[in-house]
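Here is a guided look at one protein model and the molecule it holds. Keep the sequence and the 3D view open as you read.

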Amino acid sequence: MDSLDTIVSFAKQRGFIFPSSEIYGGLSSCYDYGPLGAMLKDNVKKSWWKTMVQTRNEVEGIQASILMHPRIWEASGHVGGFSDPLVDCKSCKKRFRADHLLEAKGIKPDFRPGAWLDAKIPCPECSGELTDVRQFNLMFKTQMGVIEGEGNDLYLPPETAQGTYVNFLNIQQTMRKKIPFGIAQIAKAFRNEITPGHFTFRTREFEQMELQYFVHPHNAAEWYEKWKAIKKQWYLSLGIKPESIRFRDHDENELAHYAKAAVDIEYNFPGMGFKELGGVHNRGNWDLSRHQEFSGQNHEYFDQETGEKYIPHIVENTDGADRATLVFLLNAYEEVEARSGEDAKHEKEVVLRLHKDLAPIKVAILPLSKKEPLQKLSEEIQSKLWYTYQTQYDETGSIGKRYRRQDSIGTPYCVTVDFDSLEDKKVTVRDRDTMEQERVAIDELKDYIDEKFAS
Ligand code: GAP
């Protein structure tokens, strides 16, 4: 694959991801997740949650409100500083990020007065003249209250982190947490990106999976390394090829002024090269200090064992649910030579080698005939599985075609119910990756599948 085009059309054809508002011509860089995409993304989020929250006693999960007090975004620095440097073409009127244009020319971004104009970069589309740089705030504004103009201006959150920080005291006190502890959230974020694009890689509405870990200042560097390792292992455990990801430390230019260290985990995207997938940030005590200053609430932590009082430092572990879903799709997509026997009509077949935990459909039930005795038996078999597993019932087309269909959406197991099943009370279970088929007693099918998913 040398661009995202293959995955964009595959995702649409197979019901994973569609352009938003498509019947009205679409809405730039907004996407809807179809049935398979919604299940895949949900599985990505569940897996992240299991690793970062469910299996750690010191981490709690929350869901903060999307609409929050506007002062939060002043305290966080987003009102004053969450902006991108924007330039317009005077001829074709297209907009660009000045930092991206400079990077493409190998020039370090520098926006001191005059520096941009000195660089004399022309419009990359029409070679026209570009304007001077303006800072463009990326937050979406909305209003609360019934009469427009009389309500408070609010912002849609550009990250989940602030909703977590403003609940630090609530969680620490009600859950009786001792440092170190974490608070995680999976939620929507909104950024009015100047140059969205590359499918779901950069959109204006997206979901983040973020963990804020509160530590003693002396332990921040150690936890920064620990969360890097946990994050990498999570991606690898779900089948991401080790050579496709890498860490990239932020250099001084990129670091927020309060940050002690920051690293991106990057994925090698087709046609784009290594780009950010998630990150780990050692944010110091900036966030809680700012919310203490702006809210007037004391955010110091009192360590009862040592008698020490301090504002905890934060190590943030952040991932994008949409970017991760895209990466798992890209990583799993494989075109193979026709492998479904004599009725294979295509030279190439798609096998989506998704990790079992991520596959949207876990088991497909395929009766060999639509007729009554097989249909009834197949429905009985499905009803024994569907409380535990997402199943799909498919009775149309040849069995080879149905296997191909399931392979292409990543279904790990197909259960074929044939006429012998009526006599020997057994079904055939086919494995997506090995294509091996095994005859399994219907009474033992649930245990058999359980064992497959447990391993
Ligand atoms: N709280 C820290 C934070 O928001 P970030 O690097 O700006 O850090 C974290 O964003 C993650 O959110 C990114 O690594 C990426 O996965 C995802 N993300 C950010 N902007 C995005 C966008 N416009 N579209 C899709 N995902 C995005």
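Strand β9 (residues 181-190) runs antiparallel to β10, and ten bridges join the two. In general, strands of a sheet pair through backbone hydrogen bonds, either parallel or antiparallel.

This is a predicted model, in which local features need pLDDT of at least 70 and side-chain atom pairs count only at pLDDT 80 or more, while totals for chains, interfaces and linings use all residues. Residues are numbered from 1 along each chain as its sequence is written, and side-chain values use heavy atoms, leaving out hydrogens and water.

Now follow the order β3-β9-β10-β16-β13-β12-β11, which makes an open sheet of seven strands with mixed pairing. At its edges are β3 (59-61) and β11 (245-249), each pairing on one side only. From one strand to the next, the twist averages 25 degrees (axes are lines fitted to C-alpha atoms, for helices over the stretch in contact, and angles run from 0 to 180 degrees between N-to-C directions).

## Around the ligand

Which residues are closest to the ligand? They are Glu-159, Thr-203, Glu-210, Glu-276 and Glu-316, within a shell of 18 residues (a residue is near if one of its heavy atoms lies within 4 Å). This shell divides into four nonpolar, six polar and eight charged residues. For this count, Ala, Val, Leu, Ile, Met, Phe, Trp, Tyr, Cys and Pro are nonpolar, Asp, Glu, Lys and Arg are charged, and the others, Gly among them, are polar.

The side chain of Glu-276 has an N or O atom 2.6 Å from an oxygen atom of the ligand. Gln-208 brings a polar side-chain atom to 3.0 Å from a ligand oxygen, and a polar backbone atom of Phe-201 is 3.4 Å from a ligand nitrogen. The protein buries 91% of the 550 Å² that the ligand exposes when taken alone (accessible areas come from the Shrake-Rupley method with a 1.4 Å probe). Two or more shell residues come from each of β10 (205-215), β13 (273-282) and β16 (313-320). The largest share, four residues, belongs to β13.

## A second sheet

Five strands form another open sheet, in the order β20-β19-β21-β22-β23 and with mixed pairing. Its edge strands, β20 (391-393) and β23 (437-441), each pair on one side only. Five bridges join β22 (residues 426-431) to β23, and the two run antiparallel. Here Thr-428 stands opposite Arg-439 in β23.

How many salt bridges does a search of the whole structure find? There are 36, each a side-chain nitrogen of Lys or Arg within 4 Å of a carboxyl oxygen of Asp or Glu. One of them joins the side chains of Arg-97 and Asp-84 (3.2 Å, N to O). Arg-97 sits in strand β5 (residues 95-97) and Asp-84 in strand β4 (residues 83-88), so the pair ties together parts that are 13 residues apart in sequence.

Most residues other than glycine have a negative phi, and most peptide bonds are trans. Lys-93, in the loop between β4 and β5, has a positive phi of about 70 degrees although it is not a glycine. A cis peptide bond joins Ile-179 and Pro-180, with omega about 5 degrees; Pro-180 is in the loop between α8 (168-174) and β9.

Conventions:
Pairing = 2+ DSSP bridges. Polar contact = N/O pair within 3.5 Å; in protein donor to acceptor, adjacent residues only side chain to side chain.
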